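Thanks for coming. I'll take a few minutes to walk through one structure, one region at a time.

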Amino acid sequence: MSEHMLEPYRVLDLTDDRGHFAGFLMAQLGADVIAVEPEEGQRSRHHGPWAGGRPDPEKSLQHWAYNRGKRSVVLTPAELAEVAASADVLFECGAIDVDLEALRAVNPSLITVSMSPFGGDGPKADWLGTDIVLHAASGEMSLNGYRDRPPVRISAPQVWVNAAAEAACGAMIALTERRQTGFGQHVDVSAQEAMMLTAQGWLAPALCDNPSAQRSGGGLELYGKLRFRFVYETTDGHVTITFLPGVLVGPFTNRVVKWAASQGAIDPDLADIDWSDLLVGRDLDEVADIADRTAAGLAAAVARHSKHDLFAMAQREKLLLVPVTNSEDVLASEHYAARQFWDEVRVEEIARSIRFPGPWAKGDNVELARLGAPPKLGEHTVEVLAEVRAQRAAGDADVRRTAALPVRPSGAAPQATRPLNGVTVIDFTWVYAGPFATRMLAYYGANVIRIESQTRPDQVRSSGLSRVLGDDGPEVSHQWHSINADKQSLQINLKVPESRQVVLDLAANADIVINAFSAGVLERLGLGHDDLLAVNPRLIAVSTTLFGHSGPLSPVPGFGNMGAAMGGYYELTGWPDRLPAGPFLAYTDATSPRLTAAMMMAALDWRDRTGKGVSLDFSQAEGGVHFLTEAVLDQEVNGYAQSRMGNADRWMAPHSAYSCGDPDGDQWIAIACETDEQWRAMAGVIGASELADLSVTERLARQGELDERISAWTAGRDPVALQEQLQASRIPAHQVQNSPEVVVDPQLVYRDHFHEVPHDLYGHTWAEHYGFRLSRSDGTPRRAGPMWGEHNYEILTELLGYDGEQVAELAIAEVLE
């Protein structure tokens with residue numbers, strides 16, 4: 001029988017919609033999660049959509065989405081202290097007043113995690129933030145939408161699920177440290193910073209004197225001239241094509257251009273251009289002309305076919321083309337059904353079974369938990385209190401507590417080292433999804449060895465943001481410097497047979513090996529998970545791919561923009577009268593790494609308790625669906641297909657981005673009124689006191705009128721002055737920031753989000769922090785991403801014990817290329 005990785009741990013979840021995904025993830029990983037609610041229930045119970053459409057605290061789909069697998073209790077302050085005395089982790093977001101220091105004084109091993117809009121300290125620590133406001137503050141919103149309209153958020157709220165995913169990672173790092181010292185610590189999560197990571201490094205151009213990335217309606221715009229279009233109209237909907245140059249993606253682009261040429265849609269002079277080196281030897285104007293004309297040809301070719309037929313063709317021809325799907329398509333997916341992704345759960349409130357997103361990874365002797373129905377308010381209060389009191393009476397005989405806390409706290413808490421010191425990770429991933437996850441482990445002490453080859457260089461090395469504008473070569477990419485900070489580089493050419501033994505030797509000396517190869521690639525080289533576990537039975541072997549290693553879509557290669565299109569994000573981003581804009585670039589490549597990292601640390605915890613290794617198959621697309629659970633449930637339960645709606649919101653008004661500042665400067669401010677009190681304050685500020693008593697229903701009905709009044713008031717006003725004025729009136733508001741604004745944002749400067757690190761070629765560069773900070777465990781980046789093969793000799797001789805002659809033989813055999 002399979003086990004769950006976090007079975008010994010008890011987690012208290014005091015959050016609402018501003019964090020309940022964190023407890024949900026811990027429950028999926030096997031922890032006992034107790035949702036502590038106020039007497040009226042946490043606020044998500046009172047937010048729509050509701051099953052059946054009528055408000056009912058037991059039928060909120062927002063609440064159902066992330067509270068399955070939890071036990072609900074309503075406690076007095078004394079009872080909360082009693083339960084917290086034997087808890088391992090506590091999540092909170094300000095929904096319930098709680099004295100964290102007092103709880104930690106009674107239980108020194110308790111890990112507390114606080115989620116807030118801008119972090120627990122700094123000049124904006126007390127600012128209010130809703131989804132759209134924090135989307136604007138993060139900078140990611142500035143990259144979504146069309147240049148002739150306001151920037152847009154993703155219509156399905158994303159900020160707090162991203163913050164909660166980082167909260168779960170912070171908790172796992174603190175648990176790792178606690179296994180060594182016995183002491184807990186505090187984790188401080190900034191929702192603004194957590195959402196910034198979804199921009200995939202594209203908010204740093206101003207640091208490097210590069211032009212800012214711009215929104216381009218479902219594509220990528222570079223240097224103010226180059227636009228690569230991703231979204232195309234078909235006979236029955238839309239598809240997205242990863243249409244880019246570069247060594248990694250260029251060959252796929254060559255194939256899709258060849259297909260379009262076979263349809264008679266490509267100009268003859270474009271048909272034979274090699275997109276692998278498109279940027280070499282051409283000026284930007286020439287490249288822009290090639291890209292624009294090729295995109296026009298692709299559009300003409302795609303428009304003749306259905307998205308179903310195009311996707312079937314793409315799988316045959318190995319093209320980076322997928323359909324843009326909605327929640328109905330996601331639920332109907334044969335692939336998810338084949339992987340048994342859905343949890344089918346009977347919900348008594350509606351007297352039927354429904355499908356919820358389920359396990360996003362598969363293991364051999366461990367698995368993610370299959371969770372049941374969401375709890376009724378206070379359903380488990382008596383049960384939990386009785387259980388806690390019985391365990392307290394058992395004292396040292398409490399088996400759960402002993403497994404969760406092998407080292408009891410004694411004396412003063414030590415100054416923590418980086419908790420993952422001594423952990424070795426072999427990293428066979430590339431671009432964003434895998435490297436984001438392994439970077440987190442590197443920041444907190446793991447020795448992450450990035451496997452590269454000049455025969456197949458990482459796309460991030462050769463394209464994107466240059467440390468110095470105009471520089472070229474494999475060491476100039478600022479994104480490489482940041483995404484691979486604190487890692488080592490080892491060059492191994494897997495095409496050479498002699499490389500196999502080197503990889504097996506690495507696995508024998510590693511704790512984790514993670515790869516991003518499609519199903520079957522490493523197995524054909526004799527380097528599959530079974531081969532690695534044969535040389536190291538304690539190994540954590542992880543694959544992270546778009547669709548996982550089983551199911552009909554498992555052979556499909558791809559990137560996060562494809563995961564976002566097939567997960568439903570494109571359908572939920574943009575304007576209803578335009579093509580889907582999609583979130584910027586490879587969105588799920590930035591959401592999924594939090595789940596990957598949390599899973600790897602949970603697996604290490606399980607390995608340290610059991611002595612067993614494990615094989616884990618992570619699906620980035622399945623992980624991405626979890627960030628849209630509410631939309632999936634709205635379709636499954638109510639038959640309602642959520643779609644893109646610009647910056648409007650179904651439940652609150654006013655809620656939009658309003659033009660301000662220089663009319664030609666593309667300046668905007670996001671404003672959202674969650675409560676009647678905030679609206680009354682807003683009405684007073686803009687001189688609309690006659691509208692102050694409008695109910696939310698009335699405001700939603702008159703949204704256009706309210707937007708006009710607010711737009712007239714914001715027009716021409718300085719966005720920084722506006723946000724400060726509105727926040728002073730306790731109205732959630734923030735300017736929409738792009739790179740020039742985020743790099744000087746006082747809150748981000750205070751939290752050192754872009755940390756300066758040394759670089760051998762440039763003297764210094766910058767690496768981004770994650771959205772969380774631990775009170776004792778330091779995760780500050782120390783060095784830039786490595787140079788080509790920088791650590792070849794060191795790793796081969798010191799980690800593997802090879803002598804100079806062996807290293808020379810590998811070089812002669814062209815293994816080290």
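Which residue is the bridge partner of Phe428 in S18? Asn515 is the partner. Before going further, note that this is a predicted model.

That pair belongs to strands S15, residues 424-428, and S18, residues 512-515, which run parallel and are joined by 4 bridges. In general, the strands of a sheet pair through backbone hydrogen bonds, in either a parallel or an antiparallel way.

Both strands sit in an open sheet of 7 strands. Reading across, the order is S14-S20-S19-S18-S15-S16-S17, and the pairing is mixed. The edges are S14, residues 361-363, and S17, residues 488-491, each of which pairs on one side only. From one strand to the next, the twist averages 20°. Helix H31, residues 792-799, packs on this sheet. H31 touches S15, S16 and S17, and its direction makes about 90° with that of S17.

Next, the nonpolar cores. In soluble globular proteins, nonpolar side chains tend to be buried together. Here the largest nonpolar core has 221 residues. The residues with the most contacts inside that core are Phe21, Met26, Phe91, Leu441 and Phe772. Helix H6, residues 159-181, gives the most to this core, with 14 residues.

Take Leu441 from that list. Leaving aside neighbours within four places in sequence, Leu441 is in contact with Leu420, Val425, Ala446, Ile512, Ala597, Met600 and Met601. Of these, Val425 falls within the range of S15 and Ile512 within that of S18. Another core, of 20 residues, lies apart from the largest one, and Ile671, Leu691, Ile710 and Leu726 are among its members.

How many of the 8 residues of helix H21 are buried? The count is 8 of 8 for residues 560-567, so H21 is largely enclosed by the rest of the structure. The buried residues are Gly560, Asn561, Met562, Gly563, Ala564, Ala565, Met566 and Gly567. What covers them includes strands S10 and S11 and helices H10, H11, H12 and H22. Just after H21 comes Gly568, with a positive phi of about 110°.

H10, residues 307-317, is one of those covering elements. In H10, Lys307, Leu310, Phe311, Met313 and Ala314 are buried. These residues cover an arc of only 160° around the axis, which puts them on the same side of H10. His308 and Arg316, on the other side of H10, are exposed. The cover over the buried residues of H10 includes S10, H8, H9, S11, H11 and H21. After H10 comes Lys318, whose phi is positive, near 60°.

Then a charged side chain. Is Arg71 buried or exposed? Arg71, in strand S3, residues 70-73, has a relative accessibility of 12% and therefore counts as buried, the limit being under 20%. Its side chain makes a polar contact with the side chain of Asp32 at 2.7 Å. The side chain of Arg71 makes another polar contact, with the side chain of Glu387, at 2.9 Å. Apart from sequence neighbours within four places, the residues in contact with Arg71 are Asp32, Val33, Ile34, Ala35, His380, Glu383, Val384 and Glu387.

Last, some backbone details. A cis peptide bond joins Gly48 and Pro49, with omega about 0°. Pro49 is in the loop between strand S2, residues 32-36, and helix H2, residues 61-67. The bond from Ala653 to Pro654 is also cis, with omega near -5°. Pro654 lies in the loop between helix H24 and strand S21.

Asp752 is a residue other than glycine with a positive phi, near 55°. Its place is the loop between helix H30, residues 746-750, and strand S24, residues 754-759. Asp752 counts as partly exposed, at 29% relative accessibility. Glu814 is not a glycine either, yet its phi is positive, about 65°. Glu814 lies in the segment after helix H32, residues 804-812, and is partly exposed, with a relative accessible area of 42%.

That's the tour. I'll take questions.

How values were computed:
Residues are numbered from 1 along each chain as its sequence is written. This is a predicted model: local features need pLDDT of at least 70, side-chain atom pairs count only at pLDDT 80 or more; totals for chains, interfaces and linings use all residues. Side-chain values use heavy atoms; hydrogens and water are left out. Buried means under 20% relative accessible area, exposed over 50%, partly exposed in between (1.4 Å probe, protein chains only). Helices (H or I, at least four residues) and strands (E, at least two) are DSSP runs, numbered from the N terminus. Contact means heavy atoms within 4.5 Å. The arc is that of the directions from the helix axis to the C-beta atoms. Two strands pair if DSSP finds at least two bridges between them. Axes are lines fitted to C-alpha atoms, for helices over the stretch in contact, and angles run from 0 to 180 degrees between N-to-C directions. A polar contact is a pair of N or O atoms within 3.5 Å; within protein, one must be able to donate a hydrogen and the other to accept it, and residues adjacent in sequence count only if both atoms are side-chain atoms. A nonpolar core is a set of buried Ala, Val, Leu, Ile, Met, Phe, Trp, Tyr and Cys residues joined through side-chain atoms within 4.5 Å.
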